[in-house]
Amino acid sequence: MPTNWLRVIQKPRAAILLMLAMLAFSRAGLGQQVSYALLQPGAIEPAPFMKSARPVVMPTEASRHRFWDRENSVLFATSAAFSAGDFLVTRSILQNGGQELNPVTRLFSGSTAGLAANFAGETVGVVGLSYFFHKTGHHKMERLVSVFNIGSSAAAVSFDLAHR
């Protein structure tokens, strides 16, 4: 008996038929019936090509604020005052033979007018960047620009006064 099966397996056509029969009665072959059931009309809904986005909610008038409100005005005035103090201390140090440590300010430190233009430009830049953040809705960043400038100018004035 084993030799008869061996002869059947040795024939290519018989081997292919045997493999197909095994596949038909195996679990993998029975699993194909599920996929045929899914191909029935209405069994699969077409997926949309894109998902709908959530609507953008604009801030209400109560959460918005004017650019020149009290807080910004105080921050800009403080920033300008510290920039003026930094200008005065830096000019005094430069007139007494010292040197400017900030490489950007060093470009303008050749004359008093150049130094004044540098610190005035710094103040205008702070207001301009704050306005940009205000217009784009980044109100925390709008305030932080002034706070950062106040901190850096205060540190520069403190350093200059400590190392006179």
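A residue counts as buried under 20% relative accessible area, as exposed over 50%, and as partly exposed in between. The exercises below concern a predicted model.

**Exercise 1.** Determine which secondary structure elements the protein contains and in what order they occur.

*Solution.* The count gives seven helices and zero strands. Along the sequence, the pattern is therefore α-α-α-α-α-α-α.

**Exercise 2.** State what percentage of the residues is buried, and describe the accessible surface.

*Solution.* Of 164 residues, 21% fall into the buried class. The accessible surface amounts to about 12,800 Å², and carbon and sulfur atoms hold 67% of that area.

**Exercise 3.** Identify the salt bridges of the protein and the elements they link.

*Solution.* 
1. D69 lies in the loop between α3 (27-38) and α4 (70-95), whereas R143 belongs to helix α7 (residues 139-162); the two are 74 residues apart.
2. R143 also forms a salt bridge with E71, at 3.5 Å from N to O. Here helix α7 is linked to helix α4, across 72 residues.
3. Through shared partners, D69, E71 and R143 form one network.

**Exercise 4.** Classify D69, R143 and E71 as buried, partly exposed or exposed.

*Solution.* 
1. D69 has a relative accessible area of 18%, so it is buried.
2. R143, at 15%, is likewise buried.
3. E71 has 44%, which lies between the cut-offs of 20% and 50%, and therefore E71 is partly exposed.

Key:
Residues are numbered from 1 along each chain as its sequence is written. This is a predicted model: local features need pLDDT of at least 70, side-chain atom pairs count only at pLDDT 80 or more; totals for chains, interfaces and linings use all residues. Side-chain values use heavy atoms; hydrogens and water are left out. Helices (H or I, at least four residues) and strands (E, at least two) are DSSP runs, numbered from the N terminus. Buried means under 20% relative accessible area, exposed over 50%, partly exposed in between (1.4 Å probe, protein chains only). Accessible areas come from the Shrake-Rupley method with a 1.4 Å probe; for residues, only the protein chains shown count as cover. A salt bridge is a side-chain nitrogen of Lys or Arg within 4 Å of a carboxyl oxygen of Asp or Glu.
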